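Me: I am new to this structure. Please walk me through how to read it, feature by feature.

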Amino acid sequence: MSEKPFALSVKVVILDKNGRCLLLKRSMSSKYNKGKWDLPGGKVDTNEDFEKALLREVAEETGLKISLEKVVGSAQSETPTKKVAYIILEGTIISGEVKLSDEHNEYIWVDQSNLAKMDLCKQFYHFAKIYSGSSSEQKRDSFD
């Protein structure tokens, strides 16, 4: 068994009608990744279904109701007390307008091709490079 326990977090690339991705800027009071651009989402609570957790987190952080379409990637990070495994999905907006929680102080819609050029939380940089640089066909095949 590893010395640090694993925790599960779920994130989503929310696409608007123009194919742009929603990024949220973490507030300066955040415990980790202060001032970095992040994907919406968060931790999965004990005995919580990861899909419900992601929909809950998105609603809390953005005020949006979304539909989840597919898994597009994964990532990992480590804190002083745990290792975090991320499942990253892709989704689209059903309803609502972005209204940020106090976890974030800014949002931006970014063209998919520019995702990896943003000052992202470091654990998502590799994912963003792959996601923004490959075709939809390549992405689908690489995660099937």
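Me: Does Asn33 count as buried, exposed or partly exposed, and what is its relative accessibility?

Reply: Keep in mind that this is a predicted model. Buried means under 20% relative accessible area, and exposed means over 50%. Asn33 comes out at 26%, so it counts as partly exposed. Asn33 sits in the loop between E2 and E3. Its backbone stands out too: Asn33 is not a glycine, yet its phi is positive, about 60°.

Me: Which loop holds Asn47, and what is its phi?

Reply: Asn47 belongs to the loop between strand E4 (41-43) and helix H1 (50-62). Its phi is positive, about 65°, although Asn47 is not a glycine. Asn47 has a relative accessible area of 84%, so it is exposed.

Me: Let me step back to the whole chain. How many helices and strands are there?

Reply: The protein chain has three helices and seven strands. Read from the N terminus, the order is β-β-β-β-α-β-β-β-α-α.

Me: Which residues touch the most other members of the largest nonpolar core?

Reply: Start with the general idea. In soluble globular proteins, nonpolar side chains tend to be buried together. Here the largest nonpolar core has 20 residues. Those touching the most other members are Val13, Leu23, Leu39, Ile88, Phe124, Phe127 and Tyr131. Two or more residues of this core come from each of strand E1 (6-15), strand E2 (20-26), strand E5 (65-78), strand E6 (83-95) and H2. There is also a second, separate core of 14 residues, which includes Val58, Leu64, Leu68 and Leu89.

Me: What does Leu23 touch, leaving out residues up to four places away in sequence?

Reply: Its partners include Trp37, Asp38, Leu39, Tyr107, Ile108 and Met118.

Me: Asp38 is on that list. Where does Asp38 lie?

Reply: Asp38 is in strand E3 (residues 37-38). Its relative accessibility is 2%, so Asp38 counts as buried. Beyond residues up to four places away in sequence, Asp38 touches Lys11, Leu22, Leu23, Leu24, Arg26, His104, Cys121 and Phe124. For a distance between two points of the chain, take Asp38 and Ile130. They are 92 residues apart in sequence and 16 Å apart in space, C-alpha to C-alpha.

Me: Now a helix. Which residues of helix H2 are buried?

Reply: Helix H2 covers residues 125-133, and its buried residues are Phe127, Ala128, Tyr131 and Ser132. Seen down the axis of H2, they fall within an arc of 115°, so they line one face of the helix. The face turned away from that buried side carries the exposed residues His126 and Gly133.

Me: How many aromatic pairs does a search of the whole structure find?

Reply: The search finds two. To read such a pair, check the ring centres and the angle between the planes. For Tyr86 and Phe124 the centres are 4.9 Å apart and the planes are at 75°, so this pair is edge-to-face. The pair links distant parts of the chain, 38 residues apart: Tyr86 is in strand E6, and Phe124 is in the loop between strand E7 (104-111) and H2. Tyr86 is buried, with a relative accessible area of 8%. Phe124 also counts as buried, at 2% relative accessibility.

Me: Last one. How many disulfides does the structure hold?

Reply: A disulfide is a covalent bond between the sulfur atoms of two cysteines. The structure holds zero disulfides.

Conventions: Residues numbered from 1 in each chain as written. Predicted model: local features only at pLDDT ≥ 70, side-chain atom pairs only at ≥ 80, totals over all residues. Heavy atoms only, no water. Buried < 20%, exposed > 50% of the residue type's maximum accessible area, 1.4 Å probe, protein only. Helix = DSSP H or I, 4+ residues; strand = E, 2+ residues; numbered from the N terminus. Arc of directions from axis to C-beta. Disulfide = S-S within 2.5 Å. Core = buried A, V, L, I, M, F, W, Y, C linked by side-chain atoms within 4.5 Å. Contact = heavy atoms within 4.5 Å. Phe/Tyr/Trp six-rings, centres within 6.5 Å; stacked < 30°, edge-to-face > 60°.
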